Amino acid sequence: MAVALQGIEFHRAMSDAVFTHCPYCAFQCGMRLSRSGSKIIVEGDESFPVNKGALCVKGWTSAAALEHPERLRQPLARNARGELVPTTWDDALARIARAFIDARARYGPNAVGLFGSGALTNEKAYLLGKFARVALGTASIDYNGRFCMSSAAAASIKAFGVDRGLPFPLEEIAHAETILLVGSNAAETMPPIMQYFQRQRENGGRLIVIDPRRTPTAAAADIHLQLTPGTDAALANGLLHLLVRDGLIDEQYIRERTEGFELVRRTIASYWPERVERITGVPVAQLIEAAHLLGRAETAMVLTARGAEQQARGVDNALAYINIALALGLVGKPSSGYGCLTGQGNGQGGREHGQKADQLPGYRRLDDPAARRHIAAVWRIAEDALPGPGRSAYEMLDGLGREDGVRALLVMGSNPVVSAPNAAHIMARFEALDFLAVADFFLSETAQLADVVLPSAQWAEEEGTMTNLEGRVILRRRAFSPPEGVLTDIEILCALAAHLGHASSFSFAGPREVFDELRRASAGGLADYSGITYEKIEANRGIFWPCPAEDHPGTPRMFADSFPTANGRARFHAIEYRPPAEEIDEEYPLYLTTGRLLAHYQSGAQTRRIAELRELVEEPSIEIHPATAKLYGLAEGDRAILRTRRGAAEFKVRVTADIREDTIFVPFHWGNALAINRLTNAALDPISKMPEFKVCAARLERSSANGKEG
Amino acid sequence: MSKQRLVIIGNGMAGARFVEELLAQGGGALFEIAVFGDEPYGNYNRILLSNVLAGTYDAQDIFINPPDWYRENGVRLHLGVRALEIDRQAKRVIGEGGCAEAYDKLVIATGSRPVIPPIEGLSKDGVFVFRTLDDCRRIAKEAKHAQRAAIIGGGLLGLEAAYGLLKLGLETHVVHLMSHLMEAQLDATGGAILKRELERMGLKIHLRKRTIATLGQDRVTGLVFDDGATLDCDMVIVCAGTRPNVELAQKAGLAVERGIVIGDDLASPDDPDIYAIGECAEHNGQTYGTVAPLWDQARILAERLARRNPAARYTGSRVSTRLKVAGIELTVMGAKDPQRPNDEVVVYSDPSRAVYKKLIIRNGRLIGAILLGDGMTIPTLLQAFDRRARLPENPAEIMFSFAWSNIPKASETQRICHCNGVSRAKIVAAIRSGHCTVDAVAKATRAGTGCGSCRTEIHAILEAHLRETGGALAAAERVGQLRAAYDAAS
């Protein structure tokens, strides 16, 4: 444990600096925070084995949100004129409690809803789930992770019996001979991870990137397969077809460790390279080259991200890529396997402990009688008092204010009127609510609609655990006190529970006590945290779950011998390619795809308020190929109206040859008139309920703001 | 409601695909399904047969659905049973061996068969057609003992078969009636370049040769041409085109031209309960021999019959073909020549590099193309053709993959550090203001403080800058220091 000890000593040596983690993505860079006069100093933590001191521009500037002038410092509530004005905590909490009790009395328990977030710590996510089931007795709880990780999570569970984003430590990336990176622009969305790909390259490894755009990540690859949006399953099947054709699959592994390959083999027989080329737009020669780089490598990884997953067939897409990893015998072998790159800060932990509509802590299923028994005992309630599974995020939002939908809602750490698909419609649903409460630290677009807004503490102001993209449970330490008048989310939930008459089930002195209960609740589940303690995390710089006992070292690598499925085998799934929910046509001839930029994070509620980040990218623009731009009479800097079947919005034009001629890209970090999600398609994956953010049909018009053409 | 009886004649690329689509769309709940298939297998991917011959594929890897699959899905498959008659009065299909199936709806997917040209002596041993997996196996078996093969027909299938035999080590001749290869899809220029490329691979190609007879007693030993010349060979494959299998329909009194006539509803105009799809069908005067149109038809008919979209109509398919010969990139689509006075023709021809591209454009949209020798641009053009998309005003912008590779990037604003969004300009500014090591630049701009992969580039910018500014800083010694600083930092 030399490294760990070193870390502690380092910590002590710099006693004025507090070691914590970045508030943003799932990489959860270790950072040190200290104060120098009135300034907060941010430094990378060299001793943290994940980022090794590296930070990106979002991390470097993260402290600017802490003492931001727009920071909410007292609760707000609507006055008689409908304005949001300051009020007391007691009044705010009493109003929420009253509204909840009222809605329940009038419409039943499921009319009260909770919307959580992948940004919440494990303790908060756990407590929010418990709050729903114990304090409110409602089935209506879900979170924004549906819009993020749900497809990969569902695929992993189907294939491997468990979902841990990376079932191996990041370190192994550096030693993989070939990596297939699907739909990820990690160089901008998770920059510090690129050090591992850089080392992989230095070790002689090859990188294949699949993306409709030539992103900085794709530009760094040996092969870039620039596929047509929405054709992932055809591409994955096509690669597997070539691997079978050329005898590169691992028959022994398939025989001994998997099931279901025969059907896959027959299905992919219809994905010969010429057909796949026509569907995906990827040249045959590139398909063959990529298949051979994968199939002839001793060690190889298949990593997927939102590009393939945020589709109405996101689960199928992920399964089709998983088939490649299984057929090559990669899963469970060193420096090999399948993984997904989690997006949100606690996107992993946030999907394990019960803020999902169908789930209980420890990655248990809400409809599993044994799981219900276990959790009911931990929570000291009757098993039949536990509600059943509720609606998924989009379905819940779509039902807001409706007859059988949620009438009173609390949103915590999320900004769904920007981040949900078909956002104008979702905005209207929010407006139809009887009552909305939002807990946040800025007045986000969603908070602006609220009846009551609760100012909550930020990441550096409270303690709690996060589970990073590797399944490593880490500890965020508190560096500063929250501003006067601000409570932590845990304090908020406990206080609210007291107002609802459930004080005894929510009497936690702090996050540690919540974590101790979470440990007991997760014991025996797939994501077993029962052997993890704050002290153990500190000593080891994180513990990988499952960790079923205090003397258990945690599980950095999974699947070495078997899979947690009924028979211990991984499962293949035969996947047919189906076109996206909305295909391009004469009227809407371009694919619209959406995504992220370096300078901003998710709905932008934090990063748009940070001057340095705003300077990097002030407003969203449409990325368009020069040939297509010419066709529409558009030039760099022009304004264009982008239209889909959901609506229209005007953006600046950015001309780049790094995108396909048939595709345009708009980032989604902005709200209101600049919210691209007002235009995206809410077609949902039948299993994960993931909306189709990554592909819909669009058309472009010159804006009259440009003046006369020519 | 009890299920309707649905019978499919034909278990090939169209028939079996239709059954798959129908089941996928929930048609299993509406129909009791029976299939006649005259081959003794489940269905396989016929498209890949020439690759099986060439040894690129194992035969087992082209099977799509084994007989079990039909059973598991409640489909009665009459394996190896040829349908002999459609009794429209009794609404029954009668098969070989007395097997009969009554139908409420009937789908004819009988495919096509090889055309046998009027050549004397084609029944001898050593003469083959190339249509089925059994044909493929017989040819491969024969090829083991043969030295010299002749393929009659220089169309797509003939060339792919020839390539297969060449790969098996035979001296392979292609005998073609017309003045250039693949004349249905290629113009003369394209045909000539293709011929040279195939010859370079080792094929012997004979154009404008009409075969009139074979040599040999019971076994073929050669071919005789109408000009009196002969060609010695010990096996022959006839690839002289295909003809739709229409006899069953004809006997049943359905309208037949070249193929079985169908409307946009894929039904015969003579009988609303009888449909035809695949190579045997003729829609709007057009029969199809490639797989994509067959699958379009199969999908649309399934949508209609499974009632997912009972009003779905088939309005014709965009046809494209790719020659499956390793080492030759050739895709053809749509028209090979202009059809109307206003059609534009754009040609790029570079015979010495075996590159030939020809686009036929109507009203700014691609209606046909020949693309030879440059695989990288094929998909973009093919998709533009499939979607009837508007082409760039200057078609060259889509004809060459390097068309946009050198758009000037404003190098001053070019981003060097992606983790921190630091441009080249910012780095240069930092250097100019005296930050002359990689670490100093990092401190000043944050460039290189993320993943670190841009540090090499920052170092290069530093060196270039120092070289430019010359003078005091250019001393080798100083560069040495910088290197040391860089190495220490990384």
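Student: How many bridges join S26(B) to S29(B), and in which sense do they run?

Tutor: Strands are DSSP runs of E, at least two residues, and helices are runs of H or I, at least four residues, numbered from the N terminus. Two strands pair if DSSP finds at least two bridges between them. Here 5 bridges join strand S26 (residues 330-334) of chain B to S29(B), and they run antiparallel. B:Met333 stands opposite B:Ala369 in S29(B). This is a predicted model: local features need pLDDT of at least 70, side-chain atom pairs count only at pLDDT 80 or more, and totals for chains, interfaces and linings use all residues. Residues are numbered from 1 along each chain as its sequence is written, while chains are lettered from A and ligands numbered from 1 in the order in which they are written.

Student: How does S28(B) pair with S29(B)?

Tutor: Strand S28 (residues 355-362) of chain B pairs with S29(B) in the antiparallel sense, over 7 bridges. B:Ile360 stands opposite B:Gly368.

Student: Is S29(B) mostly covered or uncovered?

Tutor: A residue is buried if 20 or more other C-beta atoms, placed from the backbone, lie within 10 Å of its own. Strand S29 (residues 365-372) of chain B is mostly covered, with 7 of its 8 residues buried.

Student: How many residues does each chain give to the contact?

Tutor: Residues are in contact if their C-beta atoms, placed from the backbone, lie within 7 Å. Chain B gives 38 residues and chain A gives 42. On the side of chain B, H9(B) gives the most, with 5 residues.

Notes
Contact = placed C-beta atoms within 7 Å. Buried ≥ 20, exposed ≤ 12 C-beta atoms within 10 Å, placed from the backbone.
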